[in-house]
Amino acid sequence: MNTLDSLRKRMPQPVARAVAHTGSLLLGLVLAVLLHYVLYRLGLPSKPFIYVAF
Amino acid sequence: MSEPLPLSSGLDRSWFFRPRTFLAGLAAGLALCSAVARRVSHPGYHDAFTRFTPVLSPEGQYYPTLEEMCGIARARCRPDQVLVIVGGNSIFNGVGQPAEKLWTVELQRRLGDRFVVLNFAFRGALCTDGGAVVAEALRREYPRQVYVANALPFGQPLAYGADPYRYLFWEALRSGRLEDFAPRNERVAWVKAHQYTWAERFDLWGRDEMDRALRFRDLWNWVGYEHYFTIPSPVTPTLPEATWARKRFADAEPDFEAMPLADRLRPEFRDAEMRIVRGFSEGSYERGADGGWRLRASVPAEFAQLAKAAFPDDLKGRTLIMLSRNNPFYVGQLSADELLRDSAAFRDSVEEWRRAGYEASDYGSGYEPADFGDRTHLSASGGRKLAGQVADLVMELSRRRGYMEGKAPAP
């Protein structure tokens with residue numbers, strides 16, 4: 001965390017703001033894809049269908 | 001006045017995290033996933049589709065979506081062609097017939113370029129499953145259409161299909177792709193009330209509504225088919241095959257014709273198979289006063305109700321139901337009396353389907369034991385006979401419905 005703080009101190013204010021927005025946006029995008037995948041996995045039956053000829 | 005918070009405090013540490021931007025990214029990501037799913041599914045991506053093989057079906061933890069199946073039709077069928085969708089169970093899926101000897105390939109060859117045949121049959125499916133749902137969903141896009149499926153004599157055509165393929169029915173119903181058909185609506189309301197707990201209904205509703213908005217099944221099926229499969233499956237239990245894109249797996253159905261006839265009809269299965277053959281008719285018939293076989297009164301009454309609700313009225317006439325006879329090797333071992341009952345079951349069942357408004361026939365009569373790979377599945381030679389019979393019926397049906405004329409009929 002100290003590294004982040006010192007990084008922010010060295011950055012001009014507009015750049016720090018842009019970095020924060022970009023990082024937050026990317027985090028949102030990545031988590032959206034993960035959430036999308038989790039919803040897909042939750043929708044699948046836990047046990048596969050076993051076909052038996054009759 | 002309070003002192004400013006030091007840099008190391010929790011509030012200030014979050015300088016790099018902007019909640020509103022994060023939420024905007026989350027929403028944009030979900031919208032993007034949904035848009036990509038629509039973009040890839042609508043035109044279809046199964047370039048080498050023959051049929052739903054075990055790796056491309058619920059046996060392999062792969063559940064083809066409605067839009068994915070519609071996409072296969074869109075990629076193959078021009079608007080001026082007649083779309084022939086094949087549904088039903090493993091017999092019509094072509095179990096025991098390699099891709100190059102598949103009966104629907106022969107059917108396509110016999111029907112010619114004016115028709116496009118798609119094999120949407122699944123193992124263990126009913127005539128109302130899978131292909132039936134897609135056929136109805138595509139009724140406006142492809143008004144020149146025939147749906148062909150197999151069934152057992154007086155088998156129950158449940159309007160909402162059967163597990164594990166019922167998910168397609170729910171998907172189509174929830175997304176408004178099915179006709180509003182009162183007899184079916186009543187059946188669906190009944191089954192939801194009596195066979196699903198409130199928690200299951202809520203789960204079904206939530207899953208389908210979320211999928212309708214976010215299309216997660218469409219997107220991740222596409223990823224699994226084209227790029228990387230992530231679901232453990234008994235069909236591909238070991239690495240690295242377990243993660244291979246599903247498109248890498250060829251249609252590698254074994255060939256019944258490569259097996260000696262004695263291996264297809266093994267003596268140790270005889271008793272079990274004969275019980276099944278007898279079961280085709282014994283539950284539906286009783287002795288009449290004259291000692292002959294008589295259809296139980298409840299059987300046609302119950303069947304008529306189910307058949308009425310199975311398909312909307314305007315689609316019944318373009319639905320061809322083929323009743324599957326058993327291998328003559330086993331049928332020939334029935335007594336003369338049982339044989340009479342078996343014949344009556346097929347004759348009466350075809351009649352009941354027709355009375356309900358469908359096209360119907362049966363196949364397997366006059367076939368040789370070698371036309372089968374076991375009691376019920378057809379070998380390639382049997383498939384060729386079936387294809388010839390179905391081609392004639394589809395041609396006749398298409399002529400009668402005006403599909404062969406220039407103008408497209410009303411859906």
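**Cores, shape and contact**

Analyst: In soluble globular proteins, nonpolar side chains tend to be buried together. Here the largest nonpolar core has 86 residues, among which V84(B), V86(B), V134(B), V148(B) and I321(B) touch the most other members. Such a core is a set of buried Ala, Val, Leu, Ile, Met, Phe, Trp, Tyr and Cys residues joined through C-beta atoms within 7 Å, buried meaning 20 or more other C-beta atoms within 10 Å of a residue's own, with C-beta atoms placed from the backbone. A second, separate core of 14 residues includes W220(B) and W222(B).

The model is predicted, with local features needing pLDDT of at least 70 and side-chain atom pairs 80 or more, while totals for chains, interfaces and linings use all residues. Residues are numbered from 1 along each chain as its sequence is written, and chains are lettered from A, and ligands numbered from 1, in the order in which they are written.

User: What radius of gyration does chain A have?

Analyst: Taken over C-alpha atoms, with the globule rule being 2.2 Å times the number of residues to the power 0.38, the radius for chain A is 22 Å, whereas a compact globule of 54 residues would have one near 10 Å. The C-alpha trace spans about 75 × 20 × 10 Å along its principal axes, and 11% of the residues of chain A count as buried.

User: How many residues does each chain bring to the contact?

Analyst: Chain B brings 36 residues and chain A 29, contact meaning C-beta atoms, placed from the backbone, within 7 Å.

Notes: A residue is buried if 20 or more other C-beta atoms lie within 10 Å of its own, exposed if 12 or fewer, and partly exposed in between; C-beta atoms are placed from the backbone. Two residues are in contact if their C-beta atoms, placed from the backbone, lie within 7 Å.
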